[in-house]
Amino acid sequence: MQRKRGEDPLRTRLTSNHVLDLTGAAISSLDGASAESGGESAVLSKRESVPSISLPRQCTHVRHFAMDMGGSLVKLVYFSPDAALRPPILGGGRLHFRKFEASKMEQCLLFIEQKRLHLGAEGGKAVVKATGGGAYKNSKIFLERFGIQLEKEDEMKCAVAGANFLLQTISDEAFTFTEGKKDFIVNKEGKRGKDELFPYLLVNIGSGVSIIKVDRDGFERVSGTNIGGGTFLGLCRLLTEHTDFDQMLACSADGDNSKVDMLVGDIYGGRDYSYIGLSSNTIASSFGRVVMDGGSLLDYNKADITLSLLRMISYNISHIATMTAVKHGLERIFFGGYFIRGHAYTMNTISFAVDYWSKGKLKALFLRHEGFLGALGAFLQDVQSRALGSTPLRGAWIEKFIKCSTPRPLISPAQKVIEHKKNTRHGRPKDDDFLQPGQRNEGRYNFTISSLVPETRDSVRAALPAKQSVGSSSTTSDITSVHSNKPSEILDDAEIIYQSTTKKQVPGGFAASYQDDFHDSGQNQTLGKSGLHVGVLHLVPALRPFPLLVFPEQYEPNIISILESSDERDYWLETLRRLNPGLMEKAIASVKKNDNVDNEVQGIRERARAFGYAFAAHLDRLQEEPAAYGRVGLSELLEMREECLRGFGFNDVYLEVKQKENAAALAVLPDLLAELDGMDDSRRLLALIEGVLAGNIFDWGSQSCVDLYKNGTILEIYRNARSSITRPWAVDCFDDFRKRVHETKPDRASCCRQEVCDNCVMPCEPRYKKALLFCDNSGADFVLGMIPFARELLRQGTDVCLVANSLPAINDITAGEMEEVVLLAARQCETLTKSLRTVGVQHFGCSEGTGRVGKLTMCASGSGSPCLDFRRISCELCEAAQGTDLIVLEGMGRAVHTNWSANFTCDTLKLAMIKNSRLAHRLFNGKIYDCVCKFEKIVADRTEKGTSDMAN
């Protein structure tokens, strides 16, 4: 294969072999999950949702997928291109996760055909990695149906490979579960010479149970038991006639195992056996009461039988696992496999048993992707053998939750309303109640639009079609009949959304990409409010840790935790709910005007409604189950909203607003620059900081600022804001910053030409050699705030790199827009023209002058959010950070909501106007529109660490 000039030879080699490039992987939000069609089973499967992994560095078709074919379930991992919804610069694709019952193999085969997974690139056949006993059992089926020979991988090797990959790369992958609370753990490998992950015990609960000791260099099966998930499933089928695993788990929620189990109290007349410390509620013999009562199967409740089986098997596995861990001196026990399925009662039972039998020394650890260890490990066997051997993984995997977490009834109110029983027993048994009987749970909920909180329900109700009310229903067949050639149980979430909202083609090529992208939603993977959920795994190129962080392993961007503080959670979820209707209207207006599709308004409105339903559903899920998405802060909520907008085809809601505000601000820029040039150095620096703070008032993400737009033009608002910004500010370190800027300033006689020159108003040896300026909003914020500030640094001789979002978020300026605005500003400013010309950017005929100015460059951060997470930024920005000795973080999202407490290996200036009264009060007992000028001077130990990090 001939390589084109300028192409990366490694990338050419990878794509020519049709393998994956995993550089920059991350958990995706751009995948969907829907419920199984067919009655109760559709609801019960909501307990877990399944992740996908985005691979934006992937250039061409990858045609291999992997399957873990167990005795009860078939798990599938496959790749799909991601170009439909992302700019070409991000590209790539996602890894998706699906499951099917082993007894319904035909559904799996139909899914493979519909997704065309069996078709290889260039007319060939797909490579199929397979593990588990079913790989041998079903080999002939794949050969006859698709002409594909399954490439079999060792089952245990794949499970370990999948677990290692997830534990080492996925944030919030592992957690403990005590008294209904999830606590996520962080593995800090190698810190102080101690490996906090290896060795560990992996308890893989499938049909049977394998207990594996995992070291960094290998693994060994050290124990196991034939009593596992298959035992539970088989006995339940015989005793209750339930055939679906999730059905059984839901049934157990209403059970009372004391009706079938023999308790200590049954033997001792209701008393404890205190001599050996057994309470009367302790189980003496599972199903032993049946012997005492002498009853028949018909005399016992199915729920009681199911719960007794669940407890018996869970305790047995936990006991064996704990004894094995103690025998081998292991401190960590991870439980995986599809037996658990995020079921709260099962996790509580296992957690208590491990704690009890280890006398409090060990804790049970659970995995988000518990059921896909083998399938993921098998998938990675191909990737690792062909690509990863010579290509190191860079970047980080992250987890996002948009479409995979969109409850289908919330998006499609035309669907049939179905009920789901909620298991409210999350409490950890007390020590004297070990193995105590279960209690009946009377809690229920309807997983429909009617379950939304009143505020959300009102906004959604207003967006519904006039002839359809909240909670109205239609038969599922009415929806599935649109695609009558597809079995109803395979119908995807996107198609249900799309068909129920509009039967017309949405213009602009949206229909195809909309449906294709949502096509990954699986019938087995809808959400449930009571379970543990995972998102979609994304691998993106913008996910390298920022090299100037002082302590990367301790860095936490958010100052607000939605998980830990109920007050903060209630406030911010409600705030985002209130903003949602206005955002929907903005979305509708943006597409009508930007895409010139006036004749398709209804289709656009339906998309906006779908967005509104989806995002509202996320907020309500977090309201009821704060830990559903791991450790979520305000940053993740705002990013979730932007991803959701993009997922429904609204790529830049505020584009027209940004264009108008940029034009208005550029018109007055020359007058502002002239005014600044008439000031002395000290006064000018203060005026520049005031200008940045005043410009930062323009934030469409803040309701208080949105209200200001009703009372004046942007220039009037800017002038009023600037005139009202008086010192001292709420956080005022300006004097420290001014002193730092001027502390090494030489006399003018030491100028580069040994003379005083008008164009060289600052010393030739500037205090700062290079500055990174992280910019916030378009319009006056950037044009009248950050551009003049950057210009001043350039005139001092400082190289300046302006940093902006890669993707749109509210009215934040993007890197592409920034470049256009800077070029227009340069037509009006000689300093900008000269600074751009030094890096090869065309200038516009200005005289060269005699002064020395710094270089001006621009860079995309890799972010698509109003906030900034320095654990995941672009490779371009990492390279631009070299030589930086000043960081300027501007705006509430980048300098306050995130990075307020972040420490860097260089001087840092954080500038923001606080547009939220609650936040101002929390930070410094302040009030709305208070200003922050927070300067953090570098200290010696940080400098040494930063130098070492950059060298490495």
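A crossing of two helices is left-handed if the near helix is turned anticlockwise from the far one by less than a right angle, and right-handed if clockwise. In this predicted model, local features need pLDDT of at least 70, side-chain atom pairs count only at pLDDT 80 or more, and totals for chains, interfaces and linings use all residues. Residues are numbered from 1 along each chain as its sequence is written, and side-chain values use heavy atoms, with hydrogens and water left out.

Helix H23 (residues 681–695) passes helix H27 (residues 780–795) in a left-handed crossing. Their axes, which are lines fitted to C-alpha atoms over the stretch in contact, come within 7 Å and cross at roughly 155°. The two helices are therefore roughly antiparallel to each other (an angle over 145 degrees between N-to-C directions, on a scale from 0 to 180 degrees). Contact (heavy atoms within 4.5 Å) involves, among others, Leu688 and Val692 in H23 and Leu784 and Phe789 in H27. The residues of this contact divide into nine nonpolar, three polar and four charged, where Asp, Glu, Lys and Arg count as charged, Ala, Val, Leu, Ile, Met, Phe, Trp, Tyr, Cys and Pro as nonpolar, and the others, Gly among them, as polar.

Phe335 lies in strand E15 (residues 333–336); helices (H or I, at least four residues) and strands (E, at least two) are DSSP runs, numbered from the N terminus. With 0% relative accessibility, Phe335 counts as buried (under 20% relative accessible area, 1.4 Å probe, protein chains only). Beyond its neighbours within four places in sequence, Phe335 has contacts that include Val203, Ile317 and Ala364.

Technical notes
Parallel < 35°, antiparallel > 145°, perpendicular 65-115°, else oblique. Buried < 20%, exposed > 50% of the residue type's maximum accessible area, 1.4 Å probe, protein only.
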